[in-house]
There are 2 protein chains.
Amino acid sequence: MGGLASPRAAETVPVPATPAVGGEDALTALVDLVGDDLQACNRAIVARMDSPVALIPQLAAHIVAAGGKRLRPLLTLASARLCGYPGAPGGARHIDLATCVEFIHTATLLHDDVVDESQLRRGLASANAIFGNKASVLVGDFLFARAFQLMVDDGSLAVLRILSRAAATIAEGEVLQLQTQNDLSTTEDQYLEVIQGKTAALFAAACEVGAVIANRPAREQEALAAFGMNLGIAFQLVDDALDYAANQATLGKTVGDDFREGKVTLPVLAAYQAGDEPERVFWRRAIEDGAQNEGDLDRALHLMEARGAIEATLARAHGFARAAREALSVFPDGPARRILADVADFTVSRVR
Amino acid sequence: MGGLASPRAAETVPVPATPAVGGEDALTALVDLVGDDLQACNRAIVARMDSPVALIPQLAAHIVAAGGKRLRPLLTLASARLCGYPGAPGGARHIDLATCVEFIHTATLLHDDVVDESQLRRGLASANAIFGNKASVLVGDFLFARAFQLMVDDGSLAVLRILSRAAATIAEGEVLQLQTQNDLSTTEDQYLEVIQGKTAALFAAACEVGAVIANRPAREQEALAAFGMNLGIAFQLVDDALDYAANQATLGKTVGDDFREGKVTLPVLAAYQAGDEPERVFWRRAIEDGAQNEGDLDRALHLMEARGAIEATLARAHGFARAAREALSVFPDGPARRILADVADFTVSRVR
């Protein structure tokens, strides 16, 4: 899986550490930056998921209707903008490839929900809960194949290389997560490898593609890949913190899912490693043996609070968000760069 | 989904209807024809499914060890040979692409078994029975992505177009099968669309790719696609007959699986449509309502016998096998053509 280092180039323009816009406003600014492109992308998503087999658009529409932030396609669109990709009438490749990125993401969501046996996704019933596991697996496969068809139509082997590699890395990350499940001897490095694969690889690819279609030099392609990779890691760290720190209404998913599944995320690792022996006995029973009783989630939350596990996780997230922002320093200052830098801050400002 | 018609060209060389070699010998002859290439392909399969995430090669090895006939990669290798693709030292693209074809096939097997909740595959415990559904879904995703990585390394957008389209068509066929499950109003055309998608599309692509890498004209590419498509339909028709007509030892899968799952295959449709009202009441209860009792499978087998449902299915299979053989008539006579024609006969000779 790819490296994390942000590029160090001879000439760099520092990216201000204190953003002009922060929090939720960063996402709004991102949407505003590429508004027309995002609408075109939303239309392309609906058009391209069509099939004579009615269940496919039905199930796919359920996911699309559930919405989500469209963060990954937004990253492709904004990266293309940052790199001066002309857009229509000069070209609409960024729209098609943002659509691919969203299809790959949606396919992994569908398969994740089957794998996790989730009942909720983005606050709504998950596709597998409504349509069944079978349909979710198969429609995921369809969207994945359709994404590659779109890339073939686009015609760039460089893009195909980036996204097929990302797809393989995502699967590797997910399998590694399965391997580390219920295993408290998982190291922080292994945990980072999991989230780098399952989440950050697609963020990195989504951004890198923007530079590739604009024919920017390798240095800028690598900078955007590093931006996306660090951003994705920060994003997943926060997500894993939110699984213990958010309430269901704001997060749109069931709090404690990770706990019940015995997922070994950083909040758990931090609390386990900082805990005394009675605490470790608790964690081993709940996470490794999966022998959970009423009140165990509350105890887990209490121990995390006592051991500063959420704070430790968020501190790591802030570090990666900072690295993401710094990776942008190879680009000249301007609205696109500023907004992308703010998105890194938004990512870690979702909690508290 | 693609058309079934075999190409009608100005000059064609008839393919003998009575093959020189038939039955199991055809498969042996096919393996002998491309022996070294098949060994190279088997090595590539093991090498390319490797990953630092140990569970991936472990689970993939389980499938590979289970063996299978390698029919689809054999078709790619033999099609390349038929088209005069030089092979090593002129090139090893046929090996890599045969590997892709097998990876796509293996990925669909892994996802099928999850979807079907099968306990047996090729006479051994299925991967999902040993490793769990989660791992099967994710390793399937990995193999699928890895197939695309291999295609990107190969560098042909034409090949990528053929196999990405096939992958989407496979998923469509599988979803359509899900839609028609438990539904006796399914038409024979809909059934054919299902098997064309879920099985024959990959046979067609596997063959077509052989002509593409040999830079043969469109007429020969289309002929091989038609050969593979008709062969694949014949193959699946026979498979669906075997689900009622074989014994477990020779088939390596549980007899009556399709019946228990309420799959509406041609043997069921034929028996249902030829049945009187009491028979139809039985079929509706067993297939549509899924209310199956002890002895129902035996009754189903008896009714199929009485109504000639297996014979009707095999007669259809023979028709498609004949169309497959005829599609080869655009090629000059020679060992590769003769053996591929015999494979079409082998496909329908697997029963009785």
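**Figure 1. Packing of helices α16 and α17 in chain B.** In this predicted model, helix α16 (residues 309-327) of chain B packs against α17(B) at an angle of about 175 degrees, and the two axes are 9 Å apart. Angles over 145 degrees count as roughly antiparallel, so α16(B) is roughly antiparallel to α17(B). On the α16(B) side, the contact is made by Leu314(B), Ala317(B), His318(B), Ala321(B), Ala324(B) and Arg325(B). On the α17(B) side, it is made by Ala341(B), Ala344(B), Asp345(B), Thr347(B) and Val348(B). Sorted by class, this contact has seven nonpolar, two polar and two charged residues.

**Figure 2. Helix α17 of chain B and its surroundings.** Helix α17 of chain B covers residues 335-348, which is 14 residues. At 1.5 Å a residue the helix should span 20 Å, and its end C-alpha atoms are 20 Å apart, which agrees. Of the 14 residues of α17(B), 12 are buried, so the helix is largely enclosed by the rest of the structure. Among the buried residues are Ala336(B), Arg337(B), Ile339(B), Leu340(B) and Phe346(B). Ala341(B), Ala344(B), Asp345(B), Thr347(B) and Val348(B) are buried too, and these residues of α17(B) take part in the contact with α16(B).

**Figure 3. The segment after α17 of chain B.** Arg350(B) is found in the segment that comes after α17 of chain B. Arg350(B) has 20 C-beta neighbours inside 10 Å and therefore counts as buried. Apart from neighbours within four places in sequence, Arg350(B) is in contact with Val238(B) and Leu242(B). Arg299(B) is 51 residues from Arg350(B) along the chain, and the C-alpha atoms of the two are separated by 24 Å.

**Figure 4. The pair α16 and α17 in chain A.** In chain A, helix α16 (residues 309-327) and helix α17 (residues 335-348) pack at an angle of about 175 degrees, with their axes 9 Å apart. The helices α16(A) and α17(A) are therefore roughly antiparallel to each other. Leu314(A), Ala317(A), His318(A), Ala321(A), Ala324(A) and Arg325(A) belong to α16(A). These residues meet Ala341(A), Ala344(A), Asp345(A), Thr347(A) and Val348(A) of α17(A). By class, the contact of α16(A) with α17(A) has seven nonpolar, two polar and two charged residues.

**Figure 5. Two loop residues of chain A with positive phi.** Most residues other than glycine have a negative phi. Asn182(A) has a phi near 60 degrees, a positive value in a residue other than glycine. Asn182(A) lies in the loop between α8 (157-180) and α9 (188-213) of chain A. With 17 other C-beta atoms within 10 Å, Asn182(A) is partly exposed. Asn215(A) also has a positive phi, near 55 degrees. Its place is the loop between α9 and α10 (218-245) of chain A. Asn215(A) has 12 other C-beta atoms within 10 Å and is exposed.

**Figure 6. The surroundings of Ala166 in chain B.** Ala166(B) is found in helix α8 of chain B. Ala166(B) has 25 other C-beta atoms within 10 Å, and is therefore buried. Not counting residues up to four places away in sequence, Ala166(B) touches Ala201(B), Leu202(B) and Ala205(B). Ala166(B) and Arg93(B) are 73 residues apart in sequence, and their C-alpha atoms are 19 Å apart in space.

Figure 7. Chain B can be laid on chain A with an RMSD of 0.0 Å by a turn of 180 degrees and a shift of 0.0 Å along the axis. This is the relation of a two-fold axis. The same surface serves both copies, as 100% of the contact residues of chain B recur in chain A. In the contact, 35 residues of chain B meet 35 residues of chain A. Helices α3 (55-66), α5 (93-116), α7 (133-154) and α8 (157-180) of chain B each supply at least two residues of the side that touches chain A. The largest share of that side, 14 residues, comes from α8(B). By class, the side of chain B that touches chain A has 22 nonpolar, six polar and seven charged residues.

**Figure 8. Chain A as a whole, for orientation.** The secondary structure of chain A comes to 17 helices and two strands. Chain A has 352 residues, of which 57% count as buried. Among the contacts in chain A with a separation of 6 or more, 79% are between residues 24 or more positions apart.

Note on methods. Residues are numbered from 1 along each chain as its sequence is written. Chains are lettered from A and ligands numbered from 1 in the order in which they are written. This is a predicted model: local features need pLDDT of at least 70, side-chain atom pairs count only at pLDDT 80 or more; totals for chains, interfaces and linings use all residues. Copies are superposed by least squares on the C-alpha atoms of residues with pLDDT of at least 70 in both. Two residues are in contact if their C-beta atoms, placed from the backbone, lie within 7 Å. Helices (H or I, at least four residues) and strands (E, at least two) are DSSP runs, numbered from the N terminus. Ala, Val, Leu, Ile, Met, Phe, Trp, Tyr, Cys and Pro count as nonpolar, Asp, Glu, Lys and Arg as charged, and the others, Gly among them, as polar. The expected span of a helix is 1.5 Å times one less than its number of residues. Axes are lines fitted to C-alpha atoms, for helices over the stretch in contact, and angles run from 0 to 180 degrees between N-to-C directions. Angles under 35 degrees count as roughly parallel, over 145 as roughly antiparallel, 65 to 115 as roughly perpendicular and the rest as oblique.
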